[in-house]
Each structure stands twice: as structure tokens, then as C-alpha cells.
Amino acid sequence: MSLKANYFKLGLFVIGAIIAGAVVLVVIGSGRWFQPKLMIETYFNESVQGLDVGSKLKYRGVVIGEVKSIGFTYNWYQQDRPMEQRARYVLVEAQIQPKLFGGRSGAGDLTEQKRVDLEIEKGLRIRLAPQGITGTSYLEIDYVDPPPPVLPIDWVPGNIYIPSAPSTVTTVVNSVVDTLQRLHNLDIEQALANFN
């Protein structure tokens, strides 16, 4: 009889431990599960090579969210137009924690597009940034001075919209190409003749 009672007590202990462990996990994880999240979107008119779902979104080096989806704008917007008339931007959706980005102070309340538009006028942009030499990338949100032009769109974004800025890699490549084009256009023979 005592052998049965020991198995019964052991079973109750195991079930109680599992329930207690589940409760601890829920309590510890609930802070993360119940934090308010905000979906934002941006569009790139360049390759987003190295960016994947789950890539980090950082504000001045601090992780404030992650990429949730990557696709093309023509799959969501401008559906009433023929394919050749649709914009061919890359659509990136990310989920952020507003309190990490400033909440109701700092960068302002980003839960309404009209307030985000005020920050956009100040230079708020999202850009693709390389993560070391691994070939992976992440999104960086920051204020750019002077603010680059905003990509032209003729639809209402489905989420909070923050425009993109050209990535640092694209900026460097464009500068090198521009320099090489200028060197190519120089008339070296004429310059040497004038120098002599």
C-alpha cells in the first residue's frame, strides 16, 4: 500500500513541477508578450541583399525591433494597374517596440502617421546597413542630414510609413562609379599636351 502511495505522491510532484514551470515561463515571458508593438513599413528602390526576415531594426545601435516580411510593393499596392505601370519597390515591414524608440517623448509618438510625418520632415529615415563582412544586413533608423528625397508613392501605406535613405554601400558605389565616369570623360591626352 505504501508503494502505491509513493508513486501517487511522485506523480503529483511531477505534475505540480510541470505546472509551476509553465506558470514561471508565462510570468517571465508575459512582459515580452504583452508589450505594445507597432508595425512600420518602408520601401527601397535598391537591392536588399543580406536582409532577411528576423533581421534586427536598430536605432543608433540599439535594437528596437525586427523585420517581419520582405516583398514587393506591387503585390500589395496598385493592384488596379497593369504590371508595367506599378512601382517596383521592395517592401519591408518591421515590428518595433515604440517605448524603445522614444515612446511619447524622444522621437515622439509614432503610433499616428501625422506625427511620424513631422519626424520625417526632420530627416527620419530607414537605411540598409551591412553587418560586418559577413554579407548580412540590418535596418538602421536614424535622422539623416540633409534628408534625402522621399520615393514617390501614390497609395496610402497599410502601416506607419517611414521613408528609406540610400544604403551606405549604394552611396559608396555610386560615388566610385561617378568618379570613374569623370576620369573616363577626361581627355588625358589633351591635358598632358596642355601641361607640356
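**Exercise 1. Is Tyr 43 buried or exposed, and what is its relative accessible area?**

Solution. The model is predicted: local features need pLDDT of at least 70, side-chain atom pairs count only at pLDDT 80 or more, and totals for chains, interfaces and linings use all residues. Residues are numbered from 1 along each chain as its sequence is written, and side-chain values use heavy atoms, with hydrogens and water left out.

Step 1. The classes are buried (under 20% relative accessible area), exposed (over 50%) and partly exposed in between, with a 1.4 Å probe and protein chains only.
Step 2. Tyr 43 has a relative accessible area of 0% and is therefore buried.

**Exercise 2. Classify the ring pairs that Trp 155 forms with Tyr 43 and with Tyr 77.**

Solution.
Step 1. A pair of aromatic rings is described by the distance of the centres and the angle of the planes. Rings of Phe, Tyr and Trp (its six-membered ring) pair if their centres lie within 6.5 Å; planes under 30 degrees apart are stacked, over 60 edge-to-face, and the rest tilted.
Step 2. Under this rule there are six aromatic pairs. For Tyr 43 and Trp 155 the centres are 5.5 Å apart and the planes stand at 65°, so this pair is edge-to-face.
Step 3. Helices (H or I, at least four residues) and strands (E, at least two) are DSSP runs numbered from the N terminus. Tyr 43 belongs to strand 1 (residues 38–44) and Trp 155 to the loop between strand 6 (137–143) and strand 7 (160–161), so the pair ties together parts 112 residues apart in sequence.
Step 4. Trp 155 has 12% relative accessibility and therefore counts as buried. Tyr 77 and Trp 155 are stacked, with 5.1 Å from centre to centre and 10° between the planes.
Step 5. Tyr 77 lies in the loop between strand 3 (62–72) and strand 4 (90–96), 78 residues from Trp 155. Ring pairs join Tyr 43, Tyr 77, Tyr 89, Trp 155 and Tyr 161 into a cluster.

**Exercise 3. Which residues have the most contacts inside the largest nonpolar core?**

Solution.
Step 1. A nonpolar core is a set of buried Ala, Val, Leu, Ile, Met, Phe, Trp, Tyr and Cys residues joined through side-chain atoms within 4.5 Å.
Step 2. The largest such core has 23 residues, and Ile 40, Phe 44, Leu 57, Leu 139 and Ile 141 have the most contacts inside it.
Step 3. Among the elements that each supply at least two of its residues are strand 2 (56–59), helix 3 (113–121) and strand 5 (124–130). Strand 4 gives the most, with four residues.
Step 4. Contact means heavy atoms within 4.5 Å. Leaving aside residues up to four places away in sequence, Phe 44 touches, among others, Val 90, Val 92, Ile 126 and Leu 139.
Step 5. A second, separate core of eight residues includes Tyr 43, Leu 91, Leu 151 and Tyr 161.

**Exercise 4. In which sense does strand 6 pair with strand 2 and with strand 5?**

Solution.
Step 1. Two strands pair if DSSP finds at least two bridges between them.
Step 2. Strand 2 and strand 6 pair in the parallel sense over three bridges; Tyr 59 stands opposite Ile 141 in strand 6.
Step 3. Strand 5 and strand 6 run antiparallel and are joined by seven bridges, and Ala 129 has Tyr 138 in strand 6 as its bridge partner.
Step 4. Six residues lie between strand 5 and strand 6 in their hairpin, and Gly 132 in the turn has a positive phi of about 70°.
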